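Here is a friendly briefing to read alongside the sequence and the coordinates.

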Amino acid sequence: MSRRERHGATELLRLEGVSMHYGSGANSVSALSGVDLTVKRGELVAIMGASGSGKSTLLTIAGGLVTPTSGEVVIDGQYLSDASSAQLAAIRRRVLGFVFQDFNLVPALTAIENVQLPLELDGWKRHKARLASLDALRLVDLEDRADHFPDDLSGGQQQRTAIARAVVGGRALILADEPTGALDSHTGELVLRMLRSRIDDGAGGILVTHDARHAAWADRIVFLKDGRIVDETRRDDPSALLGARA
Amino acid sequence: MSVRHSILALLDQVPNYGYQLKAEFERRTGGSWPVNVGQVYATLDRLERDGLVEQTETDSDGHVFYAITETGRAEARAWLTTAVPRATTTRDELAIKLALAVTLPGIDAETIIHAQRSATLATLQSLTRSKVAGGDPDTIDEFGWQLVVDALIFQAEAEVRWLDHSEARIARLRERGLAATAPSGAQGAPTDPPRRGRPLSTTTVVSGAANPAAGSEHPDSPVTGGAR
């Protein structure tokens, strides 16, 4: 824990020289090479790139689901390489929220039960977890659907439930993998509006997408190509940035 | 031309005068297409000359009111219900620039793509921001403006998709050993002028490549000396 909170509290995620290789020797395949990236509170970073560019690998590493071959992942001030598996699990429960293309709600649970599930897994009392979950559903305009099962919700409502689940109980880092991929254009935009307002209220997030129109909701857009960041566009810097080319 | 037809469409609702027509047009399109009032007056003159509108009265403030004629009404309806023609040839500067760039030795088309994509994405971000920051989308003025912003957003998105597509095509071309731009070692002096009126032929083959297309005219190569 010696390296904890070395950086400011506004930083939620930092990748330091993260590389990921599969296989070994001549057959080694590099999925990510020396990626540096930070996400602060109030900041949404979009990751774009062609299929196979390393977008999903980056997200699974940022979420602590996969350990990189080299480099460091720092979530909310905690170096994951220093964390025990129990600490890692706790970070995932308390800091991270995932949003997937296909929603990943438990079909046998109602919307609110889906939202409160991570809190209960974290030892919250049921009543307190329910209140926090209602709050989270209110933030995505779904409190009146709290007791509906996923099958009774539209795609957009299911994804908003997933966003509520990702931020419930004060969790601050949202990792979204093509969250609008299964939604029509207008519904996708409503979902991004919800995601954006969670970020503006102090969360941080990574949005993996191949759709420029959706990436435009982010503060920064990072391009991956062959596992490297090749371009980066900042909202406050409209001039073209030509990154180091791979 | 759409200012002319927009004015006709507005006059189809109620007679009006120049300055008010300018204000109505801008309000209904969210100010996304500012017009100057002189342009509106000139347009009204032409519409009157063509028999599509006529002057009716002048109010106490000196505003000259115009009303639509039957011919004008038919023209306004025809405009609203007819598809807007799209050009089938391009004068798009970016497309032309990239098409030229892939044939010029020493110019890296991918650098152009990267720069353009960053700039277009920044535009997309700014359009998205202004849309999010906009007012209540349930008011009709705001709704009209958002439709216009949406159009700009989708156009910018289409450009990014085309850039991605072009980047992938250029990369594939390179993999096949048919470099679109000359490898630096194969160039002459940087000051060598390109030969006038001929496709460049120094760029076709990466030497020693085990490439069946090397040395032959490949149909997909944009740079096949003498093939066109």
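Read along the sequence, chain B runs α-β-α-α-β-β-α-α-α-α, which comes to seven helices and three strands; helices (H or I, at least four residues) and strands (E, at least two) are DSSP runs numbered from the N terminus. The model is predicted, so local features need pLDDT of at least 70 and side-chain atom pairs count only at pLDDT 80 or more, while totals for chains, interfaces and linings use all residues. Residues are numbered from 1 along each chain as its sequence is written, and chains are lettered from A and ligands numbered from 1 in the order in which they are written.

**Chain B overall**
- Of its 228 residues, 24% count as buried (20 or more other C-beta atoms within 10 Å of a residue's own, with C-beta atoms placed from the backbone).
- Among contacts (C-beta atoms, placed from the backbone, within 7 Å) between residues at least 6 apart in sequence, 58% join residues at least 24 apart.

**H1 and H3 of chain B**
- The axes of H1(B) (residues 2-11) and H3(B) (residues 37-49) come within 10 Å and cross at roughly 75°, where axes are lines fitted to C-alpha atoms over the stretch in contact and angles run from 0 to 180 degrees between N-to-C directions.
- These two helices are therefore roughly perpendicular (65 to 115 degrees).
- From H1(B), B:Val3, B:Arg4, B:Ile7 and B:Leu8 meet B:Gln39, B:Val40, B:Thr43, B:Leu44 and B:Leu47 of H3(B).
- By class, this contact has six nonpolar, two polar and one charged residues; Ala, Val, Leu, Ile, Met, Phe, Trp, Tyr, Cys and Pro count as nonpolar, Asp, Glu, Lys and Arg as charged, and the others, Gly among them, as polar.

**Where chain B touches chain A**
- Chain B brings 17 residues to the contact and chain A brings 16 residues.
- On the chain B side, the elements giving two or more residues are H6 (109-133) and H7 (140-175).
- H6(B) gives the most, with 13 residues.
- The chain B side divides into nine nonpolar, six polar and two charged residues.

**H4 of chain A**
- H4(A) (residues 126-139) has 14 residues and reaches 20 Å from its first C-alpha to its last, close to the 20 Å expected (1.5 Å times one less than its number of residues).
- Its buried residues are A:Ala129, A:Ser133, A:Ala136 and A:Leu137.
- Seen down the axis of H4(A), they fall within an arc of 95°, so they line one face of the helix; the arc is that of the directions from the helix axis to the C-beta atoms.
- The buried residues of H4(A) pack against H3 (111-121) and H5 (155-167) of chain A.

Note on methods. A residue is buried if 20 or more other C-beta atoms lie within 10 Å of its own, exposed if 12 or fewer, and partly exposed in between; C-beta atoms are placed from the backbone. Two residues are in contact if their C-beta atoms, placed from the backbone, lie within 7 Å. Angles under 35 degrees count as roughly parallel, over 145 as roughly antiparallel, 65 to 115 as roughly perpendicular and the rest as oblique.
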